[in-house]
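Colleague: I am new to this structure and would like to know what stands behind the words used for it. Please show me the model, and I will ask about the terms.

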Amino acid sequence: VEAPTLEASATPTAMLTDIKQLERAVEVQERKAEAARKAAEAKRKAAIAAKKAAEAKKKAEAEAKAFAASQEGKIERAISVASEQIGDPYVWGATGPSSFDCSGLTQYAFSAAGIELPRVSRDQAAALPTVPNDQIQRGDLMFWGSPVYHVGIFLRWENGQAIMLHAPKPGASVREDCLLYTSDAADEEDS
């Protein structure tokens, strides 16, 4: 802000007018400076908020990845435990450790991995989300019937068929099978 030039011959009234103009000019500059300071502060706060949001997003993604990895580890543990039971006999109502029915096997294996499931296949199906066949993943439970009467653990696709691990029926043992199995399994209902 340029100060008005005061001449020696200026009257007191003229000098007073010049001083008032100078004060108004200073006030305008102070308001502009305050507005600029507030804008800079708002920009700084926005940058901090954006940084915190980015950090929170990164942390959430890392936590989600860690959770997924831990769940994947649990699923692999459940599959490992179930696989260790291959050859154990099917016994209706059995929950292990040396004989199983279908839902007893899934409950036993998943419990060993820290995932609790209800006791019977019908309740297991009701407790879990439905996954479309084209989205099934290793470790998902596969259910048969309406009402549900059988459950197995999906392992992999092989030659276009789903391979599962299950305790199929009386007289059989825990084993891997393809998705299609005999209709006499429909006659067997777990407890």
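Colleague: Why are Glu158 and Arg156 called a salt bridge?

Modeller: A salt bridge needs a side-chain nitrogen of Lys or Arg within 4 Å of a carboxyl oxygen of Asp or Glu. For Glu158 and Arg156 the closest N and O atoms are 3.0 Å apart, so the pair meets the definition. This is a predicted model, where local features need pLDDT of at least 70 and side-chain atom pairs count only at pLDDT 80 or more, while totals for chains, interfaces and linings use all residues. Residues are numbered from 1 along each chain as its sequence is written, and side-chain values use heavy atoms, with hydrogens and water left out.

Colleague: What makes Glu158 partly exposed?

Modeller: Its relative accessibility is 37%. Buried means under 20% relative accessible area and exposed over 50%, with partly exposed in between (1.4 Å probe, protein chains only), so Glu158 falls in the middle class. Arg156, at 31%, is partly exposed as well.

Colleague: Which side chain does Arg156 meet in a salt bridge at 2.8 Å?

Modeller: That of Glu176, N to O. Arg156 lies in strand β2 (residues 150–158) and Glu176 in strand β4 (residues 175–178), so the pair ties together parts that are 20 residues apart in sequence. Strands are DSSP runs of E, at least two residues long, and helices are runs of H or I, at least four, numbered from the N terminus. Glu176 is partly exposed, at 35% relative accessibility. Salt bridges link Arg156, Glu158 and Glu176 in a network.

Colleague: How do you know that Glu41 forms a salt bridge with Arg44?

Modeller: Their closest N and O atoms are 2.7 Å apart, which is within the 4 Å of the rule. Both residues lie in helix α1, three residues apart, about one turn of the helix. Glu41 is partly exposed at 27%, and so is Arg44 at 44%. By the rule, the count comes to seven salt bridges.

Colleague: What makes a space a pocket?

Modeller: On a 1 Å grid over the protein atoms alone, a pocket is an open set of points with protein on both sides within 12 Å along at least five of seven lines; lining residues have an atom within 4 Å of a point. The largest pocket holds about 790 Å³, a volume being the space filled by probe spheres set on the points, which are joined across faces, edges and corners. Its lining has 27 residues, and Pro129, Val131, Gly139, Asp140 and Leu141 lie nearest the centre. Helix α1 gives the most, six residues.

Technical notes:
On a 1 Å grid over the protein atoms alone, a cavity is a set of points where a 1.4 Å probe fits but cannot get out, and a pocket is an open set with protein on both sides within 12 Å along at least five of seven lines; lining residues have an atom within 4 Å of a point.
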